[in-house]
Amino acid sequence: MSEVKKRSYKSTARNTQAAQTRARILTSARNLFESEGFEYVTIEKIAQGANVSIPTIYSLFQSKLGVLRALMDDALPSDHFKALVEKSIDEKSPKKRLSISAKIARQMYDAERAEMGIFQGAAVLAPELRELEKEREIRRYNRQEVTIKAMVKENSLIKGLSATKARDILWALTGRDMYRMFVVEQGWTSDEYEKWLTQLLVSSLIGGDVI
């Protein structure tokens, strides 16, 4: 019994240490990306800032691009994101469902805001980052399928609007560029952005005003 407890303790300690190491690497990378720019940061610099070995970073993230991917993916905790998606799936009102879509976009981009400048600037310079951005957009587009399917099933889309076009509209309007232009560049509050986006989604996809 004592041997089992020792193994369990050691396993927990290793997991905790691995999580702390990962967090130090991401903190080092974020600070360097912000201060020096993605293209000028090396794995060696990230390793020095995190006080870890270069092989450790490659083992956890495979590449500098992998580090940036982790930063973007960690911005909004997956449990919180899944909870919002599940709430959207369970919602019976199409207007409220679209309001949840707007909330997901707002909270995702609020969380990503610190990394958004890094990502936008780096994507212009590095072809592999354009691929990463494309990968993330495809994932977002696929995740929104359930929302459109629900509206098709309940026949709530504007008459004549196909499921394909509705999905394209939802994907485009909830894109990062909208948030960046209004909130980051024009100074809108996140609340103003979410309210505007909700109204735009409702009027574009099902018609009418938000109640």
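This is a predicted model: local features need pLDDT of at least 70, side-chain atom pairs count only at pLDDT 80 or more; totals for chains, interfaces and linings use all residues.
**Salt bridges**

The count of salt bridges in the model comes to 12. Three of them are set out below.

| Salt bridge | N to O distance |
|---|---|
| D191 with R106 | 2.9 Å |
| E194 with R106 | 2.6 Å |
| K149 with E145 | 3.4 Å |

R106 takes part in a salt bridge with D191, with 2.9 Å from N to O. This pair connects distant parts of the chain: D191 belongs to helix α11 (residues 190-205) and R106 to helix α6 (residues 94-125), and 85 residues separate them. The two partners fall into opposite classes of accessibility. D191 counts as exposed because its relative accessibility is 52%, and the cut-off for exposed is over 50%. R106 has a relative accessibility of 16%, so it counts as buried, the cut-off for buried being under 20%.

The side chain of R106 also meets that of E194 in a salt bridge, at 2.6 Å from N to O. Here too the link runs between distant parts of the chain, from E194 in helix α11 to R106 in helix α6, 88 residues apart. E194 counts as buried because its relative accessibility is 12%.

The salt bridge between K149 and E145 has its closest N and O atoms 3.4 Å apart. Both residues lie in helix α8 (residues 145-153), where four residues, about one turn of the helix, separate them. K149 has a relative accessible area of 53% and is therefore exposed. E145 is partly exposed, with a relative accessible area of 31%.

**Packing of α10 and α11**

Helix α11, which holds D191 and E194, also packs with helix α10 (residues 176-185). The axes of α10 and α11 are 10 Å apart and form an angle of about 135°. The two helices are therefore oblique to each other, since an angle has to be over 145 degrees to count as roughly antiparallel. The crossing of α10 with α11 is right-handed.

Which residues meet where these helices pack? On the side of α10 they are M178, Y179, F182 and V183, and on the side of α11 they are S190, Y193 and W196. Sorted by class, this contact has six nonpolar residues, one polar residue and no charged residues.

Note on methods
Residues are numbered from 1 along each chain as its sequence is written. Side-chain values use heavy atoms; hydrogens and water are left out. A salt bridge is a side-chain nitrogen of Lys or Arg within 4 Å of a carboxyl oxygen of Asp or Glu. Buried means under 20% relative accessible area, exposed over 50%, partly exposed in between (1.4 Å probe, protein chains only). Axes are lines fitted to C-alpha atoms, for helices over the stretch in contact, and angles run from 0 to 180 degrees between N-to-C directions. Angles under 35 degrees count as roughly parallel, over 145 as roughly antiparallel, 65 to 115 as roughly perpendicular and the rest as oblique. A crossing is left-handed if the near helix is turned anticlockwise from the far one by less than a right angle, and right-handed if clockwise. Contact means heavy atoms within 4.5 Å. Ala, Val, Leu, Ile, Met, Phe, Trp, Tyr, Cys and Pro count as nonpolar, Asp, Glu, Lys and Arg as charged, and the others, Gly among them, as polar.
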